[in-house]
Amino acid sequence: MIDALTIAVGATALALAAWCGFAAYRDEPTKDWHFIGMALVSLLGIVQLVVGIVQLAGGHTPDKGTALFLAYLIGAAACVPGTGFMSLSERTRWGSATVAAGAVVLAVLEVRLFDIWGGGNG
């Protein structure tokens, strides 16, 4: 995997978590600007998914196994879009809190993806 991409996804996920967490603290639902942030993080996740699949197709193998790597990769790509859709049905502060929690989960998934791939060896 590309380490810089993994760091970018994790960092933007944490920024989104802080932003939506602050909105939840202020008793605000997710707004259009939050969805733009979610779109950016989701786009990075999809790029990471494509890069991961291309690297697997090119013969690179994760240290901890291909099936585990693919499961985490797909989960990471789906995490923020899933919580974003959930926040649409919960138009209170809890919608923002849901997105914040999903973004934190994505950051943790990125750490795990880094470890599964080989921790900087690829």
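I start with a salt bridge: the side chains of arginine 112 and aspartate 115 meet at 2.6 Å, N to O. The rule for a salt bridge is a side-chain nitrogen of Lys or Arg within 4 Å of a carboxyl oxygen of Asp or Glu. Before going on, the conditions: this is a predicted model, where local features need pLDDT of at least 70 and side-chain atom pairs count only at pLDDT 80 or more, while totals for chains, interfaces and linings use all residues. Residues are numbered from 1 along each chain as its sequence is written, and side-chain values use heavy atoms, with hydrogens and water left out.

Back to the pair. Both arginine 112 and aspartate 115 lie in helix α4, three residues apart, which is about one turn of the helix. Helices here are DSSP runs of H or I with at least four residues, strands are runs of E with at least two, and the numbering goes from the N terminus. Arginine 112 counts as partly exposed because its relative accessible area is 28%. The cut-offs are under 20% for buried, over 50% for exposed, and partly exposed in between, with a 1.4 Å probe and protein chains only.

What else does aspartate 115 form a salt bridge with? The partner is lysine 64, and the closest N and O atoms are 3.7 Å apart. Lysine 64 is in the loop between α2 (32–57) and α3, and aspartate 115 is in helix α4, so this pair ties together parts that are 51 residues apart in sequence. Aspartate 115 is at 34% relative accessibility and therefore counts as partly exposed. Lysine 64, at 45%, also counts as partly exposed.

How many salt bridges does the rule give? The count comes to five. Another of them joins the side chains of glutamate 28 and lysine 31, at 4.0 Å, N to O. Glutamate 28 has a relative accessible area of 18%, so it is buried, whereas lysine 31, with 40%, is partly exposed. As background, side chains of opposite charge can pair when their charged atoms come close.

Next, a backbone detail. Aspartate 27 is not a glycine, yet its phi is positive, about 65 degrees. For context, most residues other than glycine have a negative phi. Aspartate 27 is placed in the loop between α1 and α2. Its relative accessible area is 53%, so aspartate 27 is exposed.

Now the aromatic rings. Rings of Phe, Tyr and Trp (its six-membered ring) pair if their centres lie within 6.5 Å; planes under 30 degrees apart count as stacked, over 60 as edge-to-face and the rest as tilted. One is phenylalanine 22 with tyrosine 25, which is stacked, with 6.4 Å centre to centre and 25 degrees between the planes. Phenylalanine 22 and tyrosine 25 are both in helix α1, three residues apart, about one turn of the helix. Phenylalanine 22 is at 46% relative accessibility and so counts as partly exposed; tyrosine 25 is at 66% and so counts as exposed.

The other pair is phenylalanine 69 with tryptophan 117, which is tilted, at 4.9 Å centre to centre and 50 degrees between the planes. This pair links distant parts of the chain: phenylalanine 69 is in helix α3 (residues 66–89), tryptophan 117 is in helix α4 (residues 93–117), and they are 48 residues apart. Are these two residues buried or exposed? Phenylalanine 69 and tryptophan 117 are both buried.

There is also a charge over a ring, meaning NZ of Lys or CZ of Arg within 6 Å of the ring centre and within 35 degrees of the ring normal. The charged end of arginine 93 sits over the ring of tryptophan 94, 5.5 Å from its centre.

Last, the annotation. An unreviewed UniProt entry places the feature "transmembrane region" at residues 33–57, 69–88 and 94–114. UniProt positions are given in the numbering used here, feature names are shortened, and annotations may be inferred rather than shown by experiment. In the model, residues 33–57 are 100% helix and 0% strand, with the end C-alpha atoms 36 Å apart. Residues 69–88 are likewise 100% helix and 0% strand, and there the end C-alpha atoms are 30 Å apart. Proline 81 lies in helix α3, and at 28% relative accessibility it counts as partly exposed.
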